[in-house]
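Hello,

Here is the structure I said I would pass on. My notes on it follow below.

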Amino acid sequence: SLKSYMKALIEHVGDKKAHAGAAQVYELQDNKPKAIDEWSTYIRMDCCSEFSNNVAKVKIKALQDAAAKPG
């Protein structure tokens with residue numbers, strides 16, 4: 001749940017996995033701005049990994065595209 005990830009973010013500030021988890025929860029809640037923010041934080045912490053390139057950056061692009069669509 002989001003509460004668990006938020007607790008992890010507070011207790012383990014440098015844990016990039018907590019940001020990825022929070023991003024996924026925000027996606028499920030259809031909270032695109034917060035999901036983009038959490039994915040962006042993940043990328044800042046882990047800019048060039050395979051996961052950043054193949055998952056996080058792809059998710060951000062999809063969320064931005066979805067947010068730009070009317071309706």
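For the charge count, Lys and Arg are taken as positive and Asp and Glu as negative, while His and the chain ends are not counted. Each charge is placed at NZ of Lys, CZ of Arg, CG of Asp or CD of Glu. On that basis the chain has 11 positive and 9 negative side chains, and the centres of the two sets are 2 Å apart.

This is a predicted model, in which local features need pLDDT of at least 70 and side-chain atom pairs count only at pLDDT 80 or more, whereas totals for chains, interfaces and linings use all residues. Residues are numbered from 1 along each chain as its sequence is written, and side-chain values use heavy atoms, with hydrogens and water left out.

The chain has four helices and zero strands (DSSP runs, H or I of at least four residues for helices and E of at least two for strands, numbered from the N terminus).

The C-alpha atoms fill a box of roughly 40 × 30 × 15 Å along the principal axes.

Of the 71 residues, 37% are buried (under 20% relative accessible area; exposed is over 50%, partly exposed in between, with a 1.4 Å probe and protein chains only).

Asp30 counts as exposed because its relative accessibility is 54%.

Regards
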